[in-house]
Amino acid sequence: MSDHAIQQRFAFCESGTCGWTIRLRSFTGDQWYSISLDDKTCDCLGFTRERGCEHLNALGIHRLRPFSPTTRPTFSQALSGLVKSIRIRKVEDAVYWLVYLDRFKEPQYRFRTARRLLIGSAEDGHSVAVMEEVARNFSKLCKPHCELIEWVTEAVKICKLPNWWHPDSGGPDYIYHSLLGQRAWWYKTRDHNVETLQKQIQKAIDEKDRTNILGAVGRFADVKPPFGATKQAELLLRQAERVRHSLAARLCKVHLSAKSALSGDNNFLCQAAWMMTGGKSPVAEKIELVTAEECHDLLNKAKDNWRNPQPIPRWCCDGVHCAGDDPRFMGMLPEMYTVCKAFEHYGRVDPTDEWLPEFQCYDGLMIEKEDKTE
């Protein structure tokens, strides 16, 4: 069966209206597993009803959490609203959620909000200049006494430039090769140890192999003994200096400047790896002026809107990072590339648009066939 036909069946069966299954090859051996698209089940040993399994995740099938939208969501839901709003460049919505998040005054909540702004500069942007600016302000953004307008300024700064789903950022290439790299390394039988990854990273840089390097950097999270993000940044910085790639070196240094906050994040590092293997972002050096007036206007409008709050939109809550049931905009690669395809089709990214079967991408996965069950 063609990839396009599989995509059509997958989207159709997600609504629970048929009984189609596909066969997906194991990532660790020669076994093939049957996956029911409508029941969201897999016959591998690792599958559970509560958590699903790695094969379902690879197909973008998630066990979503129960969700009732309210006007006073949890901190995690509101933070997800901020992330999703920045992701699809709804800056007014982003400021709206910052006003709500500002009510959580405990240090841990202040830190989490500031950290998401820092991560968002890289996870949802391709301007190295913006990332550097947000990183410089990060210690201030974490403080309990940080003014709300400071948070708003950083969110606006990020949203001023196109995100990875827009061709003007160079991002669709980055997301696609990240997705292919992830899947290629799932199927690689070689030892996934630190030495292997280091060798493959240098080889990929020399050969300009974006798929291989992005897959290898992503595998660091699973190696034993652990090879943390700080060590990864130091490794990639040495490689950037070896090949004299100034933008990649700057990205590594941004990560190292906030290494405690970014100990579990690799967005800056993946972009550095992508650039060292030929990835290009036309907006890498761009940063737009953000005025106090526009930030205050956005803030005043958001405060006015909170006088008559509406339930949090479903598109803000993906069901994986917080309770919710709309995974379209979560920061996992299958969904991220789907957003790129949605923009390619509609010329915009808007939650009201229908997600079509052809937006799904199964490149790099070993899918054998599908069977219809009565």
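In the predicted model, His 126 is found in the loop that joins helix H5 (107-123) to helix H6 (128-141); helices are DSSP runs of H or I with at least four residues, numbered from the N terminus. Residues are numbered from 1 along each chain as its sequence is written. As the model is predicted, local features need pLDDT of at least 70, side-chain atom pairs count only at pLDDT 80 or more, and totals for chains, interfaces and linings use all residues, while side-chain values use heavy atoms, with hydrogens and water left out.

His 126 counts as buried because its relative accessibility is 2% (buried: under 20% relative accessible area, 1.4 Å probe, protein chains only). Its side chain makes a polar contact of 2.9 Å with the side chain of Gln 271 (a pair of N or O atoms within 3.5 Å, one able to donate a hydrogen and the other to accept it; residues adjacent in sequence count only if both atoms are side-chain atoms).

The search of the whole structure gave 19 aromatic pairs (ring centres of Phe, Tyr or Trp, the last by its six-membered ring, within 6.5 Å; planes under 30 degrees apart are stacked, over 60 edge-to-face, the rest tilted). One of them, Trp 97 with Tyr 100, is edge-to-face, at 6.0 Å centre to centre and 90° between the planes. Both residues belong to helix H4 (residues 91-101), 3 residues apart, about one turn of the helix. Trp 97 is buried, at a relative accessible area of 2%, and Tyr 100 is buried at 5%. Trp 97 and Tyr 100 belong to one aromatic cluster with Phe 75, Tyr 96, Phe 104, Tyr 109 and Trp 306.

How values were computed:
Helices (H or I, at least four residues) and strands (E, at least two) are DSSP runs, numbered from the N terminus. Buried means under 20% relative accessible area, exposed over 50%, partly exposed in between (1.4 Å probe, protein chains only).
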